[in-house]
Amino acid sequence: MKGSVALTITLSSVILFVLLFPKTPSLLESQSNSMSRARSFVLWLHGLGDSGPANEPIKTLFTSPEFGTTKWSFPSAPSAPVTCNYGSVMPSWFDILEIPVTADSPNDESSLLKAVRNVHATIDKEIAAGVNPNNVFICGFSQGGALTLASVLLYPKTLGGAAVFSGWVPFNSSIAEQITPEAKQTPILWSHGLVDRTVLFEAGQAGPPFLEKLGVRCEFKAYPGLAHSINNEELRYLESWIKARLQSSSQ
């Protein structure tokens with residue numbers, strides 16, 4: 001299977017479920033919680049070849065009242081040639097050199113750091129608008145998960161959390177030296193399917209030990225039978241994980 005097929009992942013099954021079985025809080029419930037909860041921000045970074053708008057239905061799964069004042073952002077990656085896909089031009093946050101991605105795959109740190117700067121600019125904008133950094137959450141799938149990890153670790157402040165789905169560590173130990181003590185306090189949730197053949201499970205499994213050596217908290221969850229995709233179980237858990245870390249306006 002060519003890389004362009006293997007790494008162009010959609011969330012059609014998740015999105016179909018959401019559209020067919022929506023569950024939204026009442027208007028009065030939303031208004032009541034909007035007055036008592038502080039604003040929060042969730043940035044979702046899609047996988048290679050995907051788009052932001054295609055992932056927007058994910059937010060409808062987050063039905064808890066705590067998300068009544070949450071701002072969601074689903075940006076789309078710029079189009080660029082991708083080495084692992086034979087130079088084909090497609091939406092890509094940074095270059096990926098080989099597929100499948102393993103624990104020992106080489107990294108293109110130059111294009112990665114450029115993408116990280118763009119993510120940081122988005123975070124800075126929301127914090128400047130009044131969002132508490134502790135209520136900023138970055139989430140991403142596959143290539144977006146790898147970018148999520150790099151972005152939060154290289155951000156100079158402690159954020160609410162980062163969620164990596166089917167991702168990998170996209171940089172070498174030299175970049176790890178740039179991680180600040182504040183960034184090391186950002187909690188990380190890492191989820192990976194046991195039968196992932198695109199970003200191998202070993203690539204995801206190598207993440208937590210790497211982070212632990214840096215003094216970064218990481219919760220790792222393995223999903224039997226899950227290939228290179230996201231399921232509703234992962235997203236439901238993400239909802240509870242973020243909810244437990246949201247801070248009220250009084251904090």
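Okay, cysteines. Cys-84 counts as buried because its relative accessibility is 7%, where buried means under 20% relative accessible area, exposed over 50% and partly exposed in between, using a 1.4 Å probe and protein chains only. Cys-139 is buried as well, at 2%. As for disulfides, meaning cysteine sulfur pairs within 2.5 Å, the structure holds zero.

Quick housekeeping: this is a predicted model, so local features need pLDDT of at least 70 and side-chain atom pairs count only at pLDDT 80 or more, while totals for chains, interfaces and linings use all residues. Numbering runs from 1 along each chain as its sequence is written, and side-chain values use heavy atoms, with hydrogens and water left out.

On pLDDT, the predictor's per-residue confidence from 0 to 100, the chain averages 88, and 84% of the residues score at least 70. Residues 1-36 are below 50, yet that stretch has 51 contacts beyond near neighbours in sequence, a contact being heavy atoms within 4.5 Å.

Strands (E, at least two residues) and helices (H or I, at least four) are DSSP runs numbered from the N terminus, and strands pair if DSSP finds at least two bridges between them. We've got an open, parallel sheet of six strands, ordered 2-1-5-6-7-8. Strand 2 (70-73) and strand 8 (218-223) are the edges, each pairing on one side only. Strand 1, residues 40-45, makes four bridges with strand 2, and Ser-40 sits opposite Thr-70 there.
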